[in-house]
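Here is a quick tour of a single protein chain, written for someone who likes to check the geometry themselves. Have the viewer open and follow along.

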Amino acid sequence: YNRRKSLSENVNLPNSLLSRFDLMFLILDVADVDRDMALARHVTYVHQNEGTESAKKSDTVDTVPMDEDDIDDAEDFGESEQVDDNGKQDISSNVLREYISRARKHQPVVPEDVAPYIVEAYVSLRAQGTAEGRKQKNGDQTVMTPRQLLSILRLSQGLARLRFSDYVAREDVDEAIRLTHMSKSSLMEHDDGGLGDQNSSKRKWGGEDVTSRIFNIIRDFSTSSR
């Protein structure tokens with residue numbers, strides 16, 4: 001993944017298709033000693049204790065399906081939570097399935113007092129995104145578009161369902177906008193990658209390093225010579 005290029009160029013997909021995704025997060029597998037060590041230890045631990053952990057869970061987890069009365073009686077789902085060896089509480093799959101099932105029954109709508117707030121927020125984000133997009137190489141994915149307004153509405157409705165609400169609140173809109181910003185920031189972040197003095201060359205060629213520029217020239221030449 002070349003972070004000096006846009007997401008569209010890296011994944012070879014047009015922007016018209018990428019804009020259909022509500023959220024896109026760029027996750028790179030960058031070598032890090034501490035995180036790699038922690039991951040390796042976790043994977044090794046899971047493989048070492050795979051049989052014993054399964055036996056413990058089968059003895060302790062209640063597999064009897066829960067009805068609505070059981071969940072209503074359990075305050076904050078406390079009766080259905082299991083405590084692991086680290087003292088953390090886990091929510092059983094039965095409660096989680098029931099929670100999702102109940103949330104899907106709600107079809108939130110945007111109230112009249114929230115609609116103007118969404119319009120003002122979109123216009124403001126649109127103006128900010130257009131100004132930032134002119135400065136960023138990844139501006140084609142980071143500029144606010146009408147499709148992303150629909151994404152914010154869908155995310156807001158999903159957040160309202162999590163609250164078992166039939167109405168979208170301003171807090172839902174703010175959280176949807178925050179998620180959108182976090183998604184865009186992952187696409188706008190750049191890593192020098194230890195280029196050192198090559199940064200001057202990168203600025204000289206409009207944000208591209210020498211290797212990328214040579215590759216683009218060869219690619220354009222081979223395309224035009226066909």
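In this predicted model, the count of aromatic pairs comes to one. The partners are Tyr 99 and Phe 164, with ring centres 5.1 Å apart and planes at 45°. Stacked pairs need planes under 30 degrees apart and edge-to-face pairs over 60, so at 45° this one goes down as tilted. Tyr 99 sits in helix α6 (residues 93-104), while Phe 164 is in the loop between α9 and α10, so the pair ties together parts that are 65 residues apart in sequence.

Now for the inside. The largest nonpolar core has 14 residues, and Leu 125, Met 144, Ile 152, Val 173, Ala 176 and Ile 177 have the most contacts inside it. Two or more residues come from each of α7 (115-133), α9 (146-162) and α10 (170-188). Leu 125 is a handy place to start looking: leaving out residues up to four places away in sequence, Leu 125 touches Met 144, Ile 152, Ile 177 and His 181. There's also a second, separate core of five residues, with Leu 7, Leu 18, Met 24 and Leu 26 among them.

Helix α10 deserves a look of its own. Its buried residues include Val 173, Ala 176 and Ile 177, but also Asp 172, Thr 180 and Lys 184.

Zooming out, the chain has 12 helices and two strands, in the order α-α-α-α-α-β-β-α-α-α-α-α-α-α. Of its 226 residues, 27% count as buried. The accessible surface is about 16100 Å², with 53% of that belonging to carbon and sulfur atoms. Among contacts between residues at least 6 apart in sequence, 65% join residues at least 24 apart.

Finally, the confidence. The average pLDDT is 76, and 67% of the residues score at least 70. Residues 73-80 stay under 50, with 10 contacts beyond four places in sequence in the model. Residues 190-206 are also below 50, and that stretch has 17 contacts beyond near neighbours in sequence. Where pLDDT is low, the predicted coordinates should not be read in detail.

Technical notes
Residues are numbered from 1 along each chain as its sequence is written. This is a predicted model: local features need pLDDT of at least 70, side-chain atom pairs count only at pLDDT 80 or more; totals for chains, interfaces and linings use all residues. Side-chain values use heavy atoms; hydrogens and water are left out. A nonpolar core is a set of buried Ala, Val, Leu, Ile, Met, Phe, Trp, Tyr and Cys residues joined through side-chain atoms within 4.5 Å. Buried means under 20% relative accessible area, exposed over 50%, partly exposed in between (1.4 Å probe, protein chains only). Helices (H or I, at least four residues) and strands (E, at least two) are DSSP runs, numbered from the N terminus. Contact means heavy atoms within 4.5 Å. Accessible areas come from the Shrake-Rupley method with a 1.4 Å probe; for residues, only the protein chains shown count as cover. pLDDT is the predictor's confidence in each residue, from 0 to 100. Rings of Phe, Tyr and Trp (its six-membered ring) pair if their centres lie within 6.5 Å; planes under 30 degrees apart count as stacked, over 60 as edge-to-face and the rest as tilted.
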